[in-house]
Amino acid sequence: MEGIEIVREVPLPPEVAWARITDWPRHARAVPLTAIHRTPDGFVARTGLGRLGFDDPMRVVENDPPRYCRLVKEGRVVTGHAEIVVEPTTWGSRVTWRETLHVRGVPRAFSGLERWSSRLLFSRVLDDVLA
């Protein structure tokens with residue numbers, strides 16, 4: 001899938017925007033049926049009901065607080081990577097989220113649907129954690 005890019009400008013200092021956007025368990029509030037647990041080198045998002053579901057492990061491979069973070073999705077269901085950039089502005093911060101995501105088994109013909117649903121989901125996450 002081609003990647004997506006979502007940009008939000010918020011009236012928060014970069015350090016505050018960074019703290020909110022990298023509070024991984026907080027992301028679960030905006031993702032239905034999902035719980036997020038930290039691991040030594042990242043976190044795992046568990047999506048589903050009871051035993052029916054899947055894990056989406058993510059590893060932080062680059063981290064330069066409060067400016068840049070790169071995550072790699074290492075799951076059996078969801079693969080890809082994400083980059084988060086926080087830049088100061090004259091009145092707060094600009095947060096940029098870049099994501100490339102693929103659900104294994106989904107044919108290439110549905111990449112537009114993957115991109116659309118990713119943009120919807122990650123826009124919701126950004127809006128929630130930065131509010």
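Colleague: Which residues make the nonpolar surface patch?

Modeller: F110, L113, W116 and L120 make that patch, which covers about 480 Å². Patch members have over 30% relative accessible area and no salt bridge, with like charges joined within 9 Å and nonpolar side chains (Val, Leu, Ile, Met, Phe, Trp, Tyr) within 5 Å, and the areas come from the Shrake-Rupley method with a 1.4 Å probe, only the protein chains shown counting as cover for residues. Please keep in mind that this is a predicted model, in which local features need pLDDT of at least 70 and side-chain atom pairs count only at pLDDT 80 or more, while totals for chains, interfaces and linings use all residues. Residues are numbered from 1 along each chain as its sequence is written, and side-chain values use heavy atoms, leaving out hydrogens and water.

Colleague: Where is L113 placed?

Modeller: L113 sits in helix α2, where helices (H or I, at least four residues) and strands (E, at least two) are DSSP runs numbered from the N terminus.

Colleague: And which residues of α2 are buried?

Modeller: The buried ones are S111, E114, S118, F122, S123, V125, L126, V129 and L130. They lie on the same side of α2, because they cover an arc of only 165° around the axis, taken from the directions from the helix axis to the C-beta atoms. On the other side of α2, W116 and L120 are exposed. Buried here means under 20% relative accessible area, exposed over 50%, and partly exposed in between, with a 1.4 Å probe and protein chains only.

Colleague: Changing topic, how many salt bridges are there?

Modeller: The count comes to 13, a salt bridge being a side-chain nitrogen of Lys or Arg within 4 Å of a carboxyl oxygen of Asp or Glu. In one of them, R29 pairs with D128, and their closest N and O atoms are 2.9 Å apart.

Colleague: What does that pair tie together?

Modeller: R29 lies in the loop between α1 and β2 (34–39) and D128 in helix α2, so the pair ties together parts that are 99 residues apart in sequence. R29 counts as exposed at 54% relative accessibility, whereas D128, at 25%, counts as partly exposed.

Colleague: What about E83, is that buried or exposed?

Modeller: E83 counts as buried, at 18% relative accessibility. The side chains of E83 and R70 meet in a salt bridge of 3.0 Å, N to O, which links strand β6 (residues 78–88), holding E83, with strand β5 (residues 68–74), holding R70.
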